[in-house]
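This report goes through one structure in short sections. The sequence and the coordinates come before the text.

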Amino acid sequence: MAEEVASGRIVETEAYIVGDAAGHAYRGMTPRNRSLFLERGHAYVYLVYGSAYMLNVSSEIAGTGAGVLIKALEPRDGIPIMQRNRQIERLGDLARGPGRLTAALRIDRRLDGVDLCQEGALWLGCGDDNPGEIGQSIRIGIVRDANRLLRFYLRGSPFVSGPRSLRV
DNA sequence: AAGAAGATTCGCT
DNA sequence: GCGAATCTTCTTA
């Protein structure tokens, strides 16, 4: 069977930095969040609200505990695969949202802890596109430390999630 | 052992 | 725009 590859350009992220009360690593390591404490570039995958997997990239040296949440993708390769995984057609909704993109790429806890800098089941590639203009805003959907400007997105992209006021 | 909260999504109004 | 769904993980008793 042919190898199936699906990919997209990351157009929206949120940072959960050291000392951030909203970060899962804030109160120390637990069985769930241990991947956040891996050397930067490793995947931390977890389930929220019983239905949505979140993909994070650890961002500090080993033992620190911080990461970046990947919130939206502009679909690129393997679009039919993603449409099948999501059971929808519309390109604009395929990977717009953290839980949606993990569903499109079929990411779950089995990928927790993998090295994203190495080609494998899941990895990060090098962008060859013009990055475009990056917007910045408060993070969405959290309560603690809600006012920090740690959400970053590709300005004007239709593949960015969140309220309209936070997409410009 | 039980309870509460949660980095969301979807469907309906 | 709003509210329910859904279930895992961590905290507290």
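## Overall form

Of the 168 residues of chain A, 41% count as buried, where buried means under 20% relative accessible area, exposed over 50%, and partly exposed in between, with a 1.4 Å probe and protein chains only. The model is predicted, so local features need pLDDT of at least 70 and side-chain atom pairs count only at pLDDT 80 or more, while totals for chains, interfaces and linings use all residues; side-chain values use heavy atoms, with hydrogens and water left out. Residues are numbered from 1 along each chain as its sequence is written, and chains are lettered from A and ligands numbered from 1 in the order in which they are written.

The C-alpha trace of chain A spans about 40 × 40 × 35 Å along its principal axes. The radius of gyration of chain A is 15 Å, in agreement with the value near 15 Å for a compact globule of 168 residues. This radius is taken over C-alpha atoms, and the globule rule is 2.2 Å times the number of residues to the power 0.38. A contact here means heavy atoms within 4.5 Å. Of the contacts in chain A between residues at least 6 apart in sequence, 54% join residues at least 24 apart.

## Secondary structure

Chain A contains 3 helices and 6 strands. Both kinds of element are DSSP runs numbered from the N terminus: helices are H or I with at least four residues, strands are E with at least two. Read from the N terminus, the order is β-β-β-β-α-α-α-β-β.

Helix 1 (79-86) has I81, M82, Q83 and R86 as its buried residues. These buried residues pack against strand 4, helix 2 and helix 3.

Most residues other than glycine have a negative phi. Q87, which is not a glycine, has a positive phi of about 60°. Q87 follows helix 1 and sits in the loop between that helix and helix 2 (91-94). With a relative accessibility of 68%, Q87 counts as exposed.

Y49 also has a positive phi, near 50°. The loop that holds Y49 lies between strand 2 (43-48) and strand 3. Y49 counts as exposed, at 78% relative accessibility.

## Surface near DNA strand B

A residue is near a strand if one of its heavy atoms lies within 4 Å of it. By that rule 18 residues surround DNA strand B, and the closest are H24, N56, G99, R100 and I142. Of the atoms of DNA strand B that come within 4 Å of the protein, 43% belong to sugar and phosphate.

One in H24 lies 2.7 Å from a phosphate oxygen of DNA strand B, and one in R100 lies 2.8 Å from a phosphate oxygen of DNA strand B. An N or O atom in the side chain of N56 is 2.3 Å from a base nitrogen of DNA strand B.

## Surface near DNA strand C

T30, P31, R32, L47, Y49 and G50 are the residues around DNA strand C. By class, they are 3 nonpolar, 2 polar and 1 charged. Sugar or phosphate makes up 77% of the atoms of DNA strand C within 4 Å of the protein, and bases supply the rest.

Backbone atoms take part here. A polar backbone atom of R32 is 3.4 Å from a phosphate oxygen of DNA strand C, and a polar backbone atom of Y49 is 2.6 Å from a base oxygen of DNA strand C.

## Cysteines

A disulfide is a pair of cysteine sulfur atoms within 2.5 Å, and by this rule the count is 0 disulfides. C117 is in no disulfide, and the nearest cysteine sulfur, that of C126, is 9.5 Å away. This separation is too far for a bond. C117 counts as exposed, at 60% relative accessibility, and C126 is exposed, with a relative accessible area of 81%.

How values were computed. A polar contact is a pair of N or O atoms within 3.5 Å; within protein, one must be able to donate a hydrogen and the other to accept it, and residues adjacent in sequence count only if both atoms are side-chain atoms. Ala, Val, Leu, Ile, Met, Phe, Trp, Tyr, Cys and Pro count as nonpolar, Asp, Glu, Lys and Arg as charged, and the others, Gly among them, as polar.
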